[in-house]
Amino acid sequence: MHYYTIGEFAQITGIPVKTLYFYDKKKILVPEKRNQENNYRNYSEKQLMCAMLIKELRDLDLPLTSIKSVIIKKEPEEIKNCLKLNIKKLEKDLDDQLHLLRANKYLLNHIDSSIQSFSKISKNINSACPNGAITVDEYFDDWVAFIKFHTKFHVCDSSNRTFLEKQAILKSLIAANHLTAIGATRAIFMDHYSAQFFSEEGDMEIYIPILTPPISGLNFVKQIPQCTTAMITHIGGYSNLLVSYINLIEWINANGYQMSGRPIEVYSLDPVSAFKVERQITQVRIPIERVVSNIEEQ
């Protein structure tokens with residue numbers, strides 16, 4: 001029977017000497033012979049096969065507990081069982097990594113488009129419409145995660161603790177349920193939109209667009225119907241947001257439209273990601289419909 005020193009064994013098997021020491025300590029691969037005088041370890045030819053199996057399983061990312069079980073039981077069925085369990089773990093890890101990849105890409109796209117929007121609007125500011133042009137488009141968020149609450153106004157001011165707490169809770173719910181956020185936080189004021197400017201407190205709902213949820217029955221997830229909205233982009237803090245509302249409502253009335261739903265505020269760059277008040281971007285969207293005259297009705 002030929003024996004190998006720990007250095008020789010490490011070179012042949014590709015298992016580092018330090019790892020062989022660790023396997024010895026954990027009773028996974030114990031040297032067949034040990035010199036009592038100098039404590040030198042010696043591995044037998046038979047242990048080459050064991051070492052090859054250990055290395056192969058470790059290269060497949062099997063945990064040491066599974067590998068030790070295989071070595072103790074010495075049954076192909078145990079290898080099969082351990083591999084099946086490891087495959088399930090790897091599949092879950094892969095799903096988690098893909099989820100993180102999607103979330104990273106969506107956030108990158110959102111931040112990038114917001115930065116471009118800020119640059120574009122900053123170059124085109126004019127006195128008639130201080131926050132850029134008003135547009136009409138189809139607004140569609142589809143699936144969203146949402147939360148309703150009672151709060152003191154002004155909404156999303158950096159001092160509004162309730163809003164920030166609810167936003168943090170909502171984002172935690174999204175993460176905990178492996179949902180993928182695909183847009184900025186939105187807010188709907190359940191009272192009249194002017195309540196945020198002239199009332200001390202009121203009810204509101206905030207929501208975040210998500211990919212279609214993989215499971216049903218989540219009580220904080222719903223679908224939002226598509227609607228036509230008139231939109232103005234507000235740059236800066238929320239203290240003068242009322243000016244943007246007034247400009248938008250005047251435009252709606254002057255162009256043959258009327259409000260058909262509660263206004264939506266989209267915080268494209270909110271205080272969390274804008275860092276500076278002057279870089280905050282808020283889209284004010286008001287659902288609209290054409291005004292039908294008496295002649296058209298006839």
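Me: In β3, which residue is the bridge partner of R34?
Reply: This is a predicted model, where local features need pLDDT of at least 70, side-chain atom pairs count only at pLDDT 80 or more, and totals for chains, interfaces and linings use all residues. Residues are numbered from 1 along each chain as its sequence is written, and side-chain values use heavy atoms, with hydrogens and water left out. β2 and β3 (residues 41-44) pair in the antiparallel sense over two bridges; strands are DSSP runs of E, at least two residues, and helices runs of H or I, at least four, numbered from the N terminus. The partner of R34 in β3 is R41.

Me: What is the strand order of the open sheet?
Reply: Three strands form the sheet, with antiparallel pairing; a pair needs at least two DSSP bridges. β1 (3-5) and β2 (33-34) each have a single partner strand, so they stand at the edges. The order is β1-β3-β2.

Me: At about what angle does α3 run to β3?
Reply: Helix α3 (residues 46-59) lies across β1 and β3. Axes are lines fitted to C-alpha atoms, for helices over the stretch in contact (heavy atoms within 4.5 Å). Angles run from 0 to 180 degrees between N-to-C directions. For α3 and β3 the angle is about 90°.

Me: Within what arc do the buried residues of α2 fall?
Reply: In α2 (residues 17-25), L20, Y23 and D24 are buried, meaning under 20% relative accessible area (1.4 Å probe, protein chains only). The arc is taken from the directions from helix axis to C-beta atoms. These buried residues line one face of α2, because seen down its axis they fall within an arc of 100°.

Terms used. Buried means under 20% relative accessible area, exposed over 50%, partly exposed in between (1.4 Å probe, protein chains only).
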